[in-house]
Amino acid sequence: MIARVWKTMVNDIDHTSVDVKILASSLRSELKTVHPLSGKSCIYRVPKRLRQTNEKDYTPQIVSIGPFHHGREDLKPMEEMKRRYLKNFLQRTEVSLEDFLKLINEKEAEIRGSYAEFVDFDSHDFVKMILVDAIFIIEVFLRFHFFKTSNAKDHIDPIYDRPWMITDVKHDMWLLENQLPFFILQDLFDLADISLSSEKNEKLTIVDLVHQFCKYYWEFFGIEEDLDEMENPEVLHLVDFLRTFIIPPGLEEEGKPKILTTPSVTELYQAGVKFKPSASSKSLFHISFNNGVLKIPLIRIRPSTEILLKNLLAFEHCHCYDSLISDYVILISYLADTAKDVDLLVQNGIIEHRLGSSEAVSTLFHNFIKGFRLDLDGFYFSSLIENLSKYYSNPMHLWKANLRQDYCKTPWATASVIAGVVLLILTFLQTVSSMIPLFQKHK
């Protein structure tokens, strides 16, 4: 019965014949619009599962850079500022506007290939957008060099004269979705041939200018001080620039740890571990544990820390084979598990923050890793967390720490404990000596 009904339904369907040639032609037209994948893509939209934690951490608030947020109504007021910066930039150089446009036009395919998804702009609009946005970024760095390094102000600046404005602009410049490939900044700056010299009378490059800017505004990330220590740094964009200068040269990941977590700071303190800020290096990664002393470079936490770290983590998640920034964040989230842990790190000069409470700091580090993959196969701090766990698991360390923390907090308390132990020993000896005659009598 069912089979008969089904057959009737099938027969009732309108079997309109398909013109295969027309369908194939239509499909070929669609396939022609599929853009080829580039092996050099490095600028990504942040995955949805990461954006869900806080959309604003990945979205420009004042200025768009590149194609992903171009044309947004709320960002249009800054377009006038960009054109003003372009006009000023052209006055600094003898190179014509046509020459700059020609350079970008010649590199259009390479620039488009830097984006991980199709950029739906025609060549005219794309070249114009890249030029205006790239010169805006270069001019921001140039003006920082003039205003902060030489303290020279030759005209009113609508960004640097308003502290809130440069704060918002620099945050937007370091969002993963708001990037231009670094090579186009470099090429345009080199073509402009603007005469800038350092204290050593060496001609400054765009890398020098960005490094100066990062050291001033993002110094709490422990950025490498000396460019000479970096062997010809090849960076992809500004987010990659910051990541490159946070991670010391030659850093390599270790194997998967046998122990996947580490005791918190409070637990380590109860086991007698001492905490000291590392004085030998500003690098965040130079964390060491020797003879019961855990040394951690100073962690400065600012209101901008969360946004910067989240975009660094997003880039690492989308592009990088290693996960060094993730490894650092995971380690600190283990150590600073609660507000009490943060309090101990603050008391020992390891954490300095402006978030209002220790609870906010602990929550901050836990929020960093929400939505990110935790790949521990090449965890950089494997040896460190294994050594910390072994130290904490040793009952002798716990016993010594409890004795010291509970009974020897002050010199007087220590003296009392010593006096008590001596008195106990003397009482024991006196008891033994009084019992000796009894033993001798029984013999």
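Here is a short walk through some charged side chains and a cavity in this structure.

Before you click, note that this is a predicted model, where local features need pLDDT of at least 70, side-chain atom pairs count only at pLDDT 80 or more, and totals for chains, interfaces and linings use all residues. Residues are numbered from 1 along each chain as its sequence is written, and side-chain values use heavy atoms, with hydrogens and water left out.

**Stop 1: helix α4**

Select helix α4, residues 77-92 (helices are DSSP runs of H or I, at least four residues, and strands are runs of E, at least two, numbered from the N terminus). Show Glu80 and Arg83: they form a salt bridge with the closest N and O atoms 3.2 Å apart (that is, a side-chain nitrogen of Lys or Arg within 4 Å of a carboxyl oxygen of Asp or Glu). The two sit three residues apart, about one helical turn. Glu80 is partly exposed at 40% relative accessibility, and Arg83 is partly exposed at 47% (buried is under 20% relative accessible area, exposed over 50%, partly exposed in between, with a 1.4 Å probe and protein chains only).

Lys82 is buried at 0%, and Asp133 is buried at 1%.

**Stop 2: strands β4 and β5**

Go to Arg300 and Glu352, which meet in a salt bridge at 3.8 Å, N to O. Arg300 belongs to strand β4 and Glu352 to strand β5 (residues 351-353), so the pair ties together parts 52 residues apart in sequence.

**Stop 3: the largest cavity**

Keep Arg300 on screen, as it is one of the residues lining the largest cavity, along with Phe220, Leu284, Tyr328 and others (a cavity is a set of points on a 1 Å grid over the protein atoms alone where a 1.4 Å probe fits but cannot get out; lining residues have an atom within 4 Å of a point). Its volume is about 90 Å³, meaning the space filled by probe spheres set on the points, which are joined across faces, edges and corners. Strand β4 gives the most to this lining, with three residues.

**Stop 4: Asp327**

Finish in helix α14, residues 324-335, with Asp327. Asp327 is buried yet has no salt bridge, and the nearest side chain of opposite charge, Arg243, is 8.3 Å away (Lys and Arg count as positive, Asp and Glu as negative; His and the chain ends are not counted). Show Tyr380 too: its backbone nitrogen lies 3.0 Å from a polar atom of the Asp327 side chain.

Conventions:
A polar contact is a pair of N or O atoms within 3.5 Å; within protein, one must be able to donate a hydrogen and the other to accept it, and residues adjacent in sequence count only if both atoms are side-chain atoms. On a 1 Å grid over the protein atoms alone, a cavity is a set of points where a 1.4 Å probe fits but cannot get out, and a pocket is an open set with protein on both sides within 12 Å along at least five of seven lines; lining residues have an atom within 4 Å of a point.
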